[in-house]
Amino acid sequence: MKTLFFINGPMGAGKTTVCKKLLSRLGASAYLDGDWCWNINPFRVTDETKAMVLDNITAMLSRFLACPELDYIIFGWVMHQPEIAQTILGRLDLCETDVRQYTLLCTGTTLQNRLEKDIRNGLRNSDVLKRSLDYLPLYDQQNTIKIITDVLSPDEIADQILHKEETS
């Protein structure tokens with residue numbers, strides 16, 4: 001049985017770093033960052049680009065799931081609406097796959113501090129700050145395992161996820 005980890009949360013919550021930690025600590029595994037499937041210039045959110053991105057994500061995840069060499073697939077992305085994850089999962093053949101959905105969250109103050117630091121360091125554009133803060137309350141109603149990242153290191157968050165897997 002394979003395990004598919006969906007790691008969700010706003011920009012700045014720690015998804016990318018935690019996914020990389022999981023990748024290095026799990027056995028035969030693959031990691032897909034949803035943003036890699038939307039790395040276009042100019043960046044435009046249209047019906048066409050949304051459809052393309054979902055097709056790209058689904059294709060990559062399907063290939064990872066079909067690969068007999070992999071036991072774990074890690075997918076990290078901003079999925080502020082539950083329909084995003086539902087759409088992706090609905091397109092995948094999940095026979096013999098255990099799906100685990102986690103949402104990484106932090107307070108608005110922590111999120112703002114992290115994103116402002118990234119903006120100052122040229123890692124993010126300034127428009128992400130308002131969008132991320134606006135999305136933050138949308139995660140509360142999602143049926144996922146929530147992990148608050150304010151005072152946890154990426155290693156501690158990965159430990160929590162792996163511990164939950166061992167006890168389930």
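What follows is a walk through this fold, from its sheet to its helices, cores and a few single residues.

The model is a predicted one, in which local features need pLDDT of at least 70, side-chain atom pairs count only at pLDDT 80 or more, and totals for chains, interfaces and linings use all residues. Residues are numbered from 1 along each chain as its sequence is written, and side-chain values use heavy atoms, with hydrogens and water left out.

Let us start with the sheet. Its 5 strands form an open sheet with parallel pairing, in the order β2-β3-β1-β4-β5. Helices (H or I, at least four residues) and strands (E, at least two) are DSSP runs, numbered from the N terminus, and two strands pair if DSSP finds at least two bridges between them. At the edges stand β2 (29–33) and β5 (145–148), each pairing on one side only. Neighbouring strands of the sheet are turned by 20° against each other on average, direction ignored; axes are lines fitted to C-alpha atoms, for helices over the stretch in contact, and angles run from 0 to 180 degrees between N-to-C directions. For a detail of the pairing, look at β2 and β3 (residues 72–77), which are joined in the parallel sense over 5 bridges. Here Y31 stands opposite I74 in β3.

Helix α2 (residues 47–66) lies across β1, β2, β3 and β4, and runs at about 165° to β3.

How are the buried residues of α2 arranged around its axis? Buried in this helix are T49, V53, L54, I57, T58, L61, F64 and L65, with buried meaning under 20% relative accessible area, exposed over 50%, and partly exposed in between (1.4 Å probe, protein chains only). They cover an arc of only 165° around the axis, so they sit on the same side of α2; the arc is that of the directions from the helix axis to the C-beta atoms. Their cover includes β1, β2, β3, α3 and β4. On the other side of α2, E48, R63 and A66 are exposed.

This leads to the interior. A nonpolar core is a set of buried Ala, Val, Leu, Ile, Met, Phe, Trp, Tyr and Cys residues joined through side-chain atoms within 4.5 Å. The largest one has 22 residues, of which F6, I57, L61, F75, W77 and I88 touch the most other members. At least two residues each come from β1, β2, α2, β3 and α3 (82–90), and α2 gives the most, with 6 residues. Leaving aside neighbours within four places in sequence, F75 is in contact with F5, F6, I7, L32, G34, I57, L61 and I88. Apart from this core lies another, of 16 residues, among them L22, L104, I147 and I161.

Finally, two backbone details deserve a look. Most residues other than glycine have a negative phi, and most peptide bonds are trans. The peptide bond from N41 to P42, however, is cis, with omega near 0°, and P42 has its place in the loop between β2 and α2. E96 has a positive phi of about 60° although it is not a glycine. This residue, E96, lies in the loop between α3 and β4 and is exposed, with a relative accessible area of 57%.

Conventions:
Contact = heavy atoms within 4.5 Å.
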